[in-house]
Amino acid sequence: MGHAAKPRRHNRTITVDFRDEATYFALLGTTKAFVEFVLAFLLSLGFQLTHKASCSEGGSLTRHSHYVRIRLGGLTIWRIQCTACKAVFTVLPHFVLRYRRMRPDVARQALIATHGGLSLEWCAVICNISPMALYRLLCALGQHSVVIVLTRCGLPLPTYILADEKHSRCLTDKVYLPTIVSGRVIWHLGYSDSKSAAAFTASYGDFQRVALQIEPAYRVRGALTDGFDSTTQSMRTLFPGARLGYCLRHALNKLPSKLMGVSAPVRKSLRSQFHTLLHRCRQRTSLRVVALGQRLRHFADSIATTVGADHGERVRHWFQDKKAGWYTVLADPRMPASSTLLDQANNAMDRKLFAMKGFHHPGGSQAAFLTALAHLYNLIPYQRRALNAGQCGVEVEGGVFPTTDWMLNLQILTSGGFR
Ligand SMILES: [Zn+2]
C-alpha cells in the first residue's frame, strides 16, 4: 500500500500575513521595514521557529540574521538564515501557497466545496483547476499532523476521547479509518486495510506518538468506544490505566437486535424503558454504578417474565458482557456517555469519501489526504444556520487562531517553519 508519507526535506516555510499584496510589495524594497514586519508578526503569533537542534538562538530570529531576496515563479520572496545554526526560513506571503500555482482564494473555494462533500472532479470544474491539483493541495496540507495544528491553536491534548473506526472501501477492499474525537474536533483520522487489534494500535499509536512529543507526561484518562474488540484492545495497549467505557446510546440501539422475533411495538417499548433506565442512572449523583447493576438485573428479569425466558436469558448475557464498560461511563462524571460527536464526524467524512473516487485506489496518499480532511473539519466555520454558526470546531472547544480567516489560519498553522 502506498499510503505511508514519503521522507522529505525539512520544510522551514513560514507563512506571514501581510494583510494585502500592496503592503508586501512596498515592504520588499526596505530590508529594515520588512524584517521589522516579519518579527512583529512572529511575536504576535507567539510561535517558535524550527531551528536546528543545536541552535543557541532559542527558537527566535534576531536582527543579525542573514537575509536574501530570491525570485520564485516571478515573485520576489525573502529567505532568512539563522546565523547560529544556519537554518534557512522562507517567508511566504499570505497570497501564495507553497510550491503551488493555485492562488489561496481559488484554493479556498475548492476546499470549501470539498468539505461540503462535492467530488474532487466537480470541485475542480467549478474552480477551473485540475482534480489532480486539488488532490495534491490536500495531500500537502495533510503533511502536518492534526495534533500539531490543534495544539498550535492552544487546545490542550484531550484527556477523555471517543475512539471508533469508520468503514470505507478502497476499490473493492474494505478499509477502516480509526478516528479519535474529543468534543467538536477530530484529533486523529487514520487509515488501515485491516481491522485487527494490531492494525488499530498502529494507527491510534500515531496520535499517541505526536502527543507524547508535545507533552511527554500526556495520559489519556478515559476512552469511549462502541465495544468492538480490536478498538478496546488497542486502547488498552496504548493507554494502560485509562478508563474504557462503552457508548450508552450504542447500547440503546443494540437492544432491539437482542429481541429477535418479538413484535416491533414491544421491542420499541422495551427500548424506551431501557432509555429511561440509563437516563435515571446518569442523573443520580451517588451510587450510580450500584444503581445500574440493580436495574439491569430487574430489567432482564422483567423481560424474562413478559416476553419469554429465552429473551430474558439472551439480554442477561449481553448485559453481563457489556456492563463493565457501562459502569465505567457512570463511575467518572467526566467520561463522555455517548459517541454522538464521533458519529457526526464520521458522517461528515462519509459524504466526502463517497464523492471522491481519487481516494479509492491502493496507491493513493490516504494518510495525508485524510489528515487534510480532518483539518478542514476542524477549521472551516459552521454554516449560517448551524448551532455554532460562524465558528469552527476549534473555536467551539476554546482554541484561538492567528487571524480571523480560516484559510489563512490553515496556511499559517500548517507552515513547516513553526514548532
Ligand atoms: Zn538557529
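Are H51 and C55 buried or exposed? H51 is buried, and so is C55. Buried means under 20% relative accessible area, exposed over 50%, and partly exposed in between, with a 1.4 Å probe and protein chains only.

This is a predicted model, where local features need pLDDT of at least 70, side-chain atom pairs count only at pLDDT 80 or more, and totals for chains, interfaces and linings use all residues. Residues are numbered from 1 along each chain as its sequence is written, and side-chain values use heavy atoms, leaving out hydrogens and water.

**The zinc site**

H51 and C55 both coordinate the zinc ion, along with C82 and C85, at 2.0 to 2.4 Å. Donors are N, O and S atoms within 2.8 Å of the metal (3.2 Å for Na, K and Ca); water is not among the atoms, so sites may look incomplete.

| Residue | Donor atom |
|---|---|
| H51 | ND1 |
| C55 | SG |
| C82 | SG |
| C85 | SG |

Along the chain, the donors follow the spacing H-x3-C-x26-C-x2-C. The 4 donor atoms subtend angles of 103 to 112°, so the arrangement is tetrahedral.

**Helix α3**

Helices (H or I, at least four residues) and strands (E, at least two) are DSSP runs, numbered from the N terminus. Helix α3 covers residues 104-115. At 1.5 Å a residue, its 12 residues should span 16 Å, and its end C-alpha atoms are 16 Å apart, which agrees. The expected span is 1.5 Å times one less than the number of residues. P104, A107, A110, L111, A113 and T114 are buried in α3. The buried residues of α3 pack against several helices, including α4 (120-127) and α5 (131-141). Contact here means heavy atoms within 4.5 Å. Just after α3, G117 takes a positive phi of about 100°.

**Strands**

Two strands pair if DSSP finds at least two bridges between them. An open sheet has 5 strands in the order β7-β6-β5-β8-β9, with mixed pairing. Its edge strands are β7 (185-189) and β9 (243-246), each pairing on one side only. Within this sheet, β5 (residues 160-170) and β6 (residues 173-182) run antiparallel, joined by 9 bridges. D164 has T179 in β6 as its bridge partner.

Elsewhere, β1 pairs with β4 (residues 88-93) in the parallel sense over 4 bridges. V16 stands opposite P93 in β4. In β1 (residues 13-16), T13 and T15 point one way and I14 and V16 the other way, and all are buried.

Technical notes
Four donors count as tetrahedral if all angles lie between 85 and 135 degrees; four count as square planar and six as octahedral if opposite donors are over 155 degrees apart and all others between 65 and 115; anything else is irregular.
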